[in-house]
Amino acid sequence: MSQVPDDIAPPEIERVRHELKRRTLTVAAADYITPAMRRITFECPELADFISAAPDDHIKLFFDTGEEKPAMRDYTPRRYDNAGRSLTIDFAIHDAGPATAWAVAAKPGDWLEIGGPRGSSVVRGPVAHWLLIGDETALPAIGRRIEEQEPGTRITAVIAVPSSDDRQTFKTEADVELSWIDRAGTDATDPAPFLEALKAVALPSRTFAWIGAEARVARAVRTFLVEERGHPLTWMNASGYWVASQAGTSEKNM
């Protein structure tokens, strides 16, 4: 059961607005960091004032598909360097779609237009332990939060990936425990592997649970934590990073 005392106020999620800007970026490097994840680093002088205040921010990417309007997809800024005018985005590689097609073919010198982020959801408050739950689409946000935490911060991450070859390592001084779920061809819309793994996960006092996965999976995990583990809804944030059979659709901040 959750151990959050009743007399501790939950964290506040502050909505920070940013000036909305579009930028045209140039690919500086493109490499597979795992078989199902391609990391692309961009450069642009206009990145000098790029702002991303939270690890789960999203920016809009615009892909030319030959239609009247470009296809738009949301992606997490994995890391950025204002001084170096660079931005890194990790692309989870799937079977189809304009983002995957572009990322697979991307090479230095190619360009891509982005917009945002429009804002950030910054968690402020007495969080003593982070529980990060997600699939490969949420892995950039999970990895960024792990790497940006203060030394000694306690983090437990439960992450589902297509295979054991898709596990990642992170450079961090936080106190991190990683639990990997290797789907090995099983359905990414099945919440059962997450629910089984979460039965044994400790929920010490002041644990904030962050969830990012397919929408139905995210809902099932949130419900499990509340109803089966007794974790307060005010100490978690769940998002559907994608919706099965609905390309380009997400359900943020459920």
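This is a predicted model: local features need pLDDT of at least 70, side-chain atom pairs count only at pLDDT 80 or more; totals for chains, interfaces and linings use all residues.
Now widen the view. Strands β10 and β13 belong to an open sheet of five strands with parallel pairing, in the order β12-β11-β10-β13-β14. At the edges are β12 (175-182) and β14 (236-242), each of which pairs on one side only. On average, neighbouring strands of this sheet are turned by 10° against each other, direction ignored. Helix α4 (residues 215-227) packs on the sheet, where it touches β10, β13 and β14. The direction of α4 makes about 155° with that of β13.

Next, turn to residues 20-124, which an unreviewed UniProt entry annotates as "domain: FAD-binding FR-type". This span is 50% strand and 8% helix, and its end C-alpha atoms lie 23 Å apart.

The model has seven aromatic pairs. One of them is stacked, because the rings of F42 and W102 have planes at 15° and centres 6.0 Å apart. Since F42 lies in strand β3 (residues 37-43) and W102 in helix α1 (residues 98-105), this pair ties together parts that are 60 residues apart in sequence. Both F42 and W102 are buried. Ring pairs also link F42 and W102 with F63, Y75 and F91 into a cluster.

Finally, look for arginines over ring faces. R22 lies over the face of F62, at 3.9 Å from the ring centre, and R145 lies over the face of W130, at 4.3 Å from the ring centre.

Definitions and conventions: Residues are numbered from 1 along each chain as its sequence is written. Side-chain values use heavy atoms; hydrogens and water are left out. Two strands pair if DSSP finds at least two bridges between them. Helices (H or I, at least four residues) and strands (E, at least two) are DSSP runs, numbered from the N terminus. Axes are lines fitted to C-alpha atoms, for helices over the stretch in contact, and angles run from 0 to 180 degrees between N-to-C directions. Contact means heavy atoms within 4.5 Å. UniProt positions are given in the numbering used here, feature names are shortened, and annotations may be inferred rather than shown by experiment. Rings of Phe, Tyr and Trp (its six-membered ring) pair if their centres lie within 6.5 Å; planes under 30 degrees apart count as stacked, over 60 as edge-to-face and the rest as tilted. Buried means under 20% relative accessible area, exposed over 50%, partly exposed in between (1.4 Å probe, protein chains only). A charge sits over a ring if NZ of Lys or CZ of Arg is within 6 Å of the ring centre and within 35 degrees of the ring normal.
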